[in-house]
Structure formats: structure tokens, C-alpha cells
There are 2 protein chains.
Amino acid sequence: MSTKSPLPAEIVPTLADVAQRAGVSTATVSRCLNSPNQVHQKTRKRVMAAVDELGYSPNFSARSLAVKRTNTIGAIIPTMDNAIFARGIQAFQEELGRSGATLLVASSSYKPDLEAEQVRTLIARGADGLLLIGHQRDPKVYDFIDRRNVPVLVSWAFNTDQTRPSIGFDNHAAMKAMADKVLEMGHRDIAVISAWQADNDRARERVLGIRAALRDVGLDADNLNVVETDYSIEKGGEGFAEIMSAYPRPTAVICGNDVLAVGAMQMAQTMGLRVPDDVSITGFDDIELAKVTTPALTTVHVPHREMGRRAAQHLWRMMGGALEDESQCLETELRLRGTLAGPAAAE
Amino acid sequence: MSTKSPLPAEIVPTLADVAQRAGVSTATVSRCLNSPNQVHQKTRKRVMAAVDELGYSPNFSARSLAVKRTNTIGAIIPTMDNAIFARGIQAFQEELGRSGATLLVASSSYKPDLEAEQVRTLIARGADGLLLIGHQRDPKVYDFIDRRNVPVLVSWAFNTDQTRPSIGFDNHAAMKAMADKVLEMGHRDIAVISAWQADNDRARERVLGIRAALRDVGLDADNLNVVETDYSIEKGGEGFAEIMSAYPRPTAVICGNDVLAVGAMQMAQTMGLRVPDDVSITGFDDIELAKVTTPALTTVHVPHREMGRRAAQHLWRMMGGALEDESQCLETELRLRGTLAGPAAAE
DNA sequence: GATAACAATGTAAGCGCTTACATTTCAATT
DNA sequence: AATTGAAATGTAAGCGCTTACATTGTTATC
């Protein structure tokens with residue numbers, strides 16, 4: 001039986017309650033929690049005991065209002081539904097946790113308006129830093145961010161003619177390498193299934209990479225058949241069906257990501273087309289999905305975990321006030337697997 | 001050129017700035033933002049103009065300190081790396097967005113200590129409600145939550161002998177149905193690859209379901225070979241190798257989830273075993289991965305999106321003060337695909 | 001033993017917002 | 001024109017915390 005006054009039943013204890021119980025001022029309690037070595041060990045012990053007894057935990061809103069920092073980082077990704085983002089953000093969060101920051105994630109479903117709104121929301125919620133995917137967005141959004149003086153890091157893209165710092169990879173070069181390879185295998189009739197390009201600089205860069213590769217070997221890049229659609233297995237299948245229902249049929253279909261490619265593969269099977277004998281298919285991202293199909297998908301490996309990790313470190317430094325203006329370009333890598341082969345000898 | 005005073009350059013505008021610029025009191029501005037119909041249209045227009053001109057957006061910390069609500073919901077899931085959670089939480093978030101709440105996600109990596117810490121963090125950050133996966137956790141954690149009076153909803157599990165409200169499915173029954181099917185196909189030598197059971201009530205329930213099925217047909221449930229491991233493709237493969245290196249080899253391997261099952265399938269291929277001719281393999285969850293393997297994976301379909309959606313609605317109602325004590329049990333469904341067949345005729 | 005220097009603690013003023021209550025304005029009614 | 005009630009707005013007291021500054025206690029130095 002304690003000699004202390006009984007614990008209040010319902011209400012959430014505040015700093016003042018702890019202070020009273022420990023017989024000190026609120027300032028001392030605060031110091032105990034934030035810079036313990038500023039307070040005498042004896043009092044500290046007493047205060048900590050009170051904290052425990054009351055089950056006190058500081059009110060985050062009050063704290064951040066007072067210090068004008070939230071230790072929160074906001075990230076806006078297109079979707080959680082694609083493993084590449086889910087896992088990238090997981091790595092980002094793990095690294096962030098190490099620094100003691102919390103992550104607030106929002107997903108925009110590839111919609112610029114939604115993304116803009118979420119930027120506002122996250123900043124209003126006091127995000128001290130922002131992670132965004134891709135460079136492209138309404139200048140007004142950037143204005144707003146700059147006005148608030150919130151450091152922003154762009155990821156998933158790297159582009160030398162962008163001034164904002166970014167941790168990403170060169171979508172153009174990565175996809176060009178894939179297209180080079182496809183051409184090298186002898187394909188001359190190529191079609192593309194891409195995400196909608198209008199609002200998506202990564203998708204656009206990838207298609208441009210393919211066109212550049214075509215141009216390099218003297219092919220007509222302007223009449224490349226590009227089908228645009230949503231990123232989903234189903235849509236990938238529909239896109240593939242559309243492409244293969246026209247003549248002449250391409251001998252290779254380059255897909256904007258693995259999800260589309262897997263959809264294409266399934267549709268190929270449905271249509272009775274053998275991969276890669278009748279048609280080659282390539283992906284982009286190298287998520288698990290790509291490794292378990294039969295045959296396994298030839299794709300571009302994106303170091304998503306490394307990207308997430310580095311982005312976290314970089315952004316954290318930016319938030320610390322470091323003028324980290326330089327960007328980092330990570331290496332992607334061709335993963336040659338079973339879905340890419342030469343075009344059929346007999347046409 | 002405006003007749004108004006020039007905009008301040010660096011500082012973030014506050015309510016007071018808006019009030020001054022619009023020539024009203026802070027109270028009026030606040031009302032404009034929160035209950036617009038309480039203020040005269042003329043002044044409202046003036047205030048909104050000031051808001052726009054200054055690019056004002058309210059300070060979340062200050063607001064929640066004043067109203068003692070954050071409109072934030074915390075969710076702690078085991079991992080983002082498994083699509084089943086990533087997608088469930090995506091659905092949860094989408095539904096939440098409709099109500100105007102924000103989601104704060106943390107992942108515990110299946111570690112109870114980490115989870116407990118995250119509960120504290122989320123509550124300290126003012127989460128008005130909490131979504132947790134599975135019932136099992138240290139009673140102290142529940143004590144802490146109750147003390148703070150934060151509504152909690154459990155998901156991914158449904159269990160009539162738990163008192164906490166939950167939106168989930170019956171792991172025991174779902175896995176028993178799968179085991180029933182496997183037995184019905186004639187298998188008598190069965191092995192299991194499961195997640196670690198100690199801290200994971202869902203995994204445990206699933207294994208119990210298998211044992212119950214065995215018992216139903218008069219088999220020895222106690223000597224069932226259960227290999228426990230982490231949830232990953234690689235570990236699934238290792239577990240499978242371990243199982244198949246012992247004699248007598250089972251004719252069917254039931255896996256605790258799809259990720260393990262896919263790992264098992266890959267290892268089977270490596271070992272030169274044909275699925276399902278030499279060995280049947282089953283999964284649980286029915287994520288995309290299960291549909292793209294060859295043959296496609298026989299698994300238990302979990303309505304993860306529906307679960308996320310309903311959980312959001314339920315939790316939102318609980319936060320509104322509704323005494324929503326009843327739970328919901330969603331239906332799972334066997335998805336019979338290519339990896340399950342009868343045991344080989346010739347042994 | 002007086003003094004200085006430092007360590008430990010307390011006092012109180014914000015941080016930006018909401019809201020109960022007080023005050024003013026205005027239209028409707030007599 | 002006086003009265004009244006409702007509508008619109010203003011005033012100011014918090015919400016729970018941090019921290020600059022003031023105060024007190026303690027030890028070392030001469």
C-alpha cells in the first residue's frame with residue numbers, strides 16, 4: 001500500500017501531474033525526459049518513478065507545438081499495391097526508425113491532384129521532410145513546399161537536368177539497356193505496354209529510352225506501338241491482347257513494369273502463345289513476382305531497398321540543415337531470364 | 001499590384017496573420033475554417049481570400065492540442081513486405097480517407113517487443129484509434145491502451161473466446177478446410193511449414209486446424225511434422241528441403257502462407273520434384289504470387305481488401321463513441337488450383 | 001569566511017489553435 | 001421608435017509542453 005495519493009482513475013496524466021507527484025516543477029520533469037544529465041540523479045530517480053507510477057507519456061502535439069518540430073517525415077507513393085513501393089518504403093521506414101523519426105505514408109494512386117492535396121495534408125501535419133516519387137508535379141506544389149521551407153527529396157528518378165536533390169536511378173538509361181538487349185537478340189518488331197505517360201515522368205523516360213534504342217539501330221522510333229494503361233496484371237493482359245490482335249504482330253513486347261509483364265504473360269498463355277517462342281516479354285522492377293513465373297521474367301532490377309535506405313539517410317541529413325544538394329544515381333541491372341529469346345526463325 | 005501590405009517572406013503564416021489581413025479576430029478565422037456556416041458570407045469570403053493570399057494552412061499540432069483529438073488512426077502490422085498486409089492496409093487507408101482520418105502505419109517485424117513499443121509511440125502521438133493484427137499480446141500492452149481509453153480493433157483473426165472486438169476470419173476453420181481437402185484427396189503423409197507459433201496466434205490457429213482435420217480422420221495429430229521458420233520465400237524453400245530430406249517423405253506439404261508455399265515450390269523444382277505429381281503443396285492468403293506460379297497455387301483465399309475496408313468503418317464508429325463490441329467473421333474460401341492433387345499411385 | 005563559479009531547480013512566457021462566454025449588430029415585431 | 005431575439009463577431013482562457021531567464025544551493029578558491 002503506497003503512502004502516495006491514489007492514482008487518478010480516468011484522466012490521462014500530464015507533465016504537471018508527474019511534477020506534483022514527484023514534488024518538483026514541470027521544467028524539471030521536462031528536463032528529466034529530454035536532457036536527463038541536466039538534472040541531479042536523485043531527483044531524476046524520483047521523477048522517473050512518478051512517470052512509471054502514473055503511466056505518463058508525453059503529449060506529442062503539445063511537444064511539437066512547443067519545439068516547432070515533429071520528427072515526422074511524410075512520404076507519398078503512388079500505391080502500396082505494387083510490391084516495389086511497399087518494400088522500398090519499408091526499407092525507408094526501417095532506416096528512419098534508426099534515427100528516431102516517424103513516417104507518415106500516403107498513397108496518391110498516380111493522381112496528381114490527390115498527391116498535391118496530400119502534400120498539403122502532410123505539411124499541415126507538421127512533416128519536417130518529404131519524400132516524393134518522381135520529379136514531375138505542378139510548380140505550385142513545389143512553391144507551397146518551398147514557402148514552408150520543408151526539405152524535399154525525390155526518389156525513384158534521377159535526371160541530371162533536374163535541380164532538386166534526388167536518390168534514384170536513370171529510368172531512361174535503364175530501359176534503353178533493356179531495349180538494346182531486345183534489339184541485340186534480333187527483334188525488329190517491338191511493341192510497348194506502358195503506364196499512362198502524361199503525369200508520370202518515370203514511365204515517360206522509360207518509353208523514351210526504348211525509342212532511343214530503336215533510333216540507335218536505325219529503326220523508326222516514332223511509329224513505335226505504345227499502349228498506355230493502368231499498372232495492374234489485368235490491364236497488362238488487356239494491353240497485350242490489344243497489341244497481339246493487330247498485324248503484324250510484334251515479336252517482343254516490352255512492358256513498363258513487372259506487373260504489366262506478368263499480365264501479358266498470362267494473356268499470352270490464354271491466347272495460346274508460347275513465351276518466349278512465339279513472343280518475348282520483358283518487365284521492369286524485378287519484384288518477387290518476376291522470379292516465380294514460368295518462364296521467369298527478364299526484367300530490370302531496381303535496388304529498391306537500397307534506394308529506400310539511402311533516401312532515408314539523405315533526407316534525415318537535409319532535415320538536420322545540411323545543404324545536401326547533390327543527388328545519387330543508383331545502378332540498375334538487366335536480369336536476363338526465360339521470357340526473352342530471339343524472334344522465331346520461321347515467321 | 002495589391003493595396004495590401006506585402007507578404008512576409010520567410011515565416012509560416014498563422015491564424016493571427018490571416019485574421020489581421022482579413023481584419024477580423026482569430027476566432028472568426030477559426031470558425032471560417034471549421035464551421036463556415038456560422039460566419040457571414042461576406043466576411044467568410046474576405047477571410048478565405050486572406051487564407052489563399054498567405055498560403056495559410058493550419059498547424060496540426062496546435063489544433064489537436066486544443067481539441068484533444070488528432071483524427072489519426074494507428075495501425076501496426078507485422079510487415080509491409082508481404083503483399084497481403086500491404087494491400088489490406090491500403091484498403092484500410094482508402095476507406096479511412098473517406099472519413100477524413102489519417103493513418104499512421106508501423107510494422108513490427110513479428111516482434112512483440114517492437115510492437116509494444118510502437119503501441120506506446122502511436123498513442124503518444126495521439127492516435128485516436130488503433131488497429132492491431134491478431135489477439136495475442138502482453139496484457140500490459142492492453143492495460144496501457146485501456147488506461148488511455150483508446151479504442152482498439154483487432155484484425156486478421158476472429159475467435160469467439162476473445163472479448164475484444166475484431167474484424168477477421170477464423171484461421172482455425174480456414175486451415176482445417178484446407179487440410180480436410182488435402183486428406184480427402186487421399187494424402188496420409190503430411191508435413192507443415194509454419195511461421196513461428198510462439199508469438200503468433202494466427203499461425204498457431206492454423207496449425208491447430210490441421211491437427212483437428214487429422215484427428216477427424218483418425219490420424220495421429222500429435223506427431224505431425226511441423227517446421228517453423230520466418231515468412232519468406234527463401235525460408236520456405238529451406239523448410240521444404242528439410243522436410244523432404246527425411247524419410248518417409250510426405251506426399252503433401254501444407255504451408256502457413258503463400259510466400260512459404262512459393263518458396264517450397266521453387267525448392268521442389270531445384271530438387272527435381274514435380275508438383276503436384278511428386279508432392280502437393282498448398283498455401284494460404286491467395287496473393288498475386290499464388291496465381292502466377294506454374295502450376296498455380298492451391299490456397300485459402302483471404303478477403304484482405306474487404307477486411308481492411310470493414311475494419312476502417314468499424315474502428316471509425318468505435319472512435320465516434322459507438323459501443324461496437326460485436327465482431328465480424330469474414331468468409332475465407334478454398335481456391336483449388338494446380339499444386340494439389342492426389343498422392344502418386346505408385347509409391 | 002567571503003567570493004566566485006557552476007550546478008540544480010523554479011518561474012513564467014509562449015507555441016498556434018479552439019471555444020465558452022460576452023458583446024455588438026441587425027432585422028423582425030410591436 | 002422601442003423592444004427583442006437571433007446572428008455575427010470579439011475576448012481571452014486554456015490545451016500540455018519547452019526553455020530563456022531568474023533564483024537558489026553547493027563547492028572550490030583565496
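This is a predicted model: local features need pLDDT of at least 70, side-chain atom pairs count only at pLDDT 80 or more; totals for chains, interfaces and linings use all residues.
1. **How the two copies are related.** Chain B is superposed on chain A by a rotation of 180 degrees with 0.1 Å of shift along its axis, and the RMSD is 0.1 Å. The two copies are thus related as by a two-fold rotation axis.

2. **Where the copies meet.** Chain B gives 36 residues to the contact and chain A gives 36 residues. On the side of chain B that touches chain A, the elements with two or more residues are helix 4 (60-67), helix 5 (83-99), strand 2 (102-107), helix 6 (112-124), helix 7 (139-148) and helix 12 (288-292) of chain B. By class, that side of chain B has 18 nonpolar, eleven polar and seven charged residues. Of the interface residues of chain B, 100% are also interface residues in chain A, so the copies meet through the same surface.

3. **The surroundings of DNA strand C.** Turn next to DNA strand C, which 26 residues surround; the closest are Ala27(A), Thr14(B), Leu15(B), Ala27(B) and Ser30(B). Two or more residues each come from helix 2 (26-34) and helix 4 (60-67) of chain A, and from helix 2 (26-34) and helix 4 of chain B. Helix 2 of chain B supplies the largest share of this surface, six residues. The surface near DNA strand C divides into 13 nonpolar, eleven polar and two charged residues.

4. **A covered strand in chain A.** Strand 1 (residues 72-77) of chain A is mostly covered, with six of its six residues buried. Thr72(A), Gly74(A) and Ile76(A) point one way from this strand, while Ile73(A), Ala75(A) and Ile77(A) point the other way. Strand 1 of chain A runs parallel to strand 2 (residues 102-107) of chain A, and six bridges join the two. As a landmark in this pairing, look for Ile76(A), which stands opposite Ala106(A) in strand 2 of chain A.

5. **Helix 9 of chain B.** Helix 9 (residues 201-216) of chain B has 16 residues and reaches 22 Å from its first C-alpha to its last, close to the 22 Å expected at 1.5 Å a residue. Its buried residues include Asp201(B), Arg202(B), Val207(B), Ile210(B) and Leu214(B). The buried residues of helix 9 of chain B pack against helix 8 (171-184), strand 6 (190-195), strand 7 (225-229) and strand 8 (252-255) of chain B. If you follow the chain just past helix 9 of chain B, you come to Gly218(B), which takes a positive phi of about 80 degrees.

Key: Residues are numbered from 1 along each chain as its sequence is written. Chains are lettered from A and ligands numbered from 1 in the order in which they are written. Copies are superposed by least squares on the C-alpha atoms of residues with pLDDT of at least 70 in both. Two residues are in contact if their C-beta atoms, placed from the backbone, lie within 7 Å. Helices (H or I, at least four residues) and strands (E, at least two) are DSSP runs, numbered from the N terminus. The expected span of a helix is 1.5 Å times one less than its number of residues. A residue is buried if 20 or more other C-beta atoms lie within 10 Å of its own, exposed if 12 or fewer, and partly exposed in between; C-beta atoms are placed from the backbone. Ala, Val, Leu, Ile, Met, Phe, Trp, Tyr, Cys and Pro count as nonpolar, Asp, Glu, Lys and Arg as charged, and the others, Gly among them, as polar. A residue is near a molecule or strand if its C-beta atom, placed from the backbone, lies within 6 Å of it. Two strands pair if DSSP finds at least two bridges between them.
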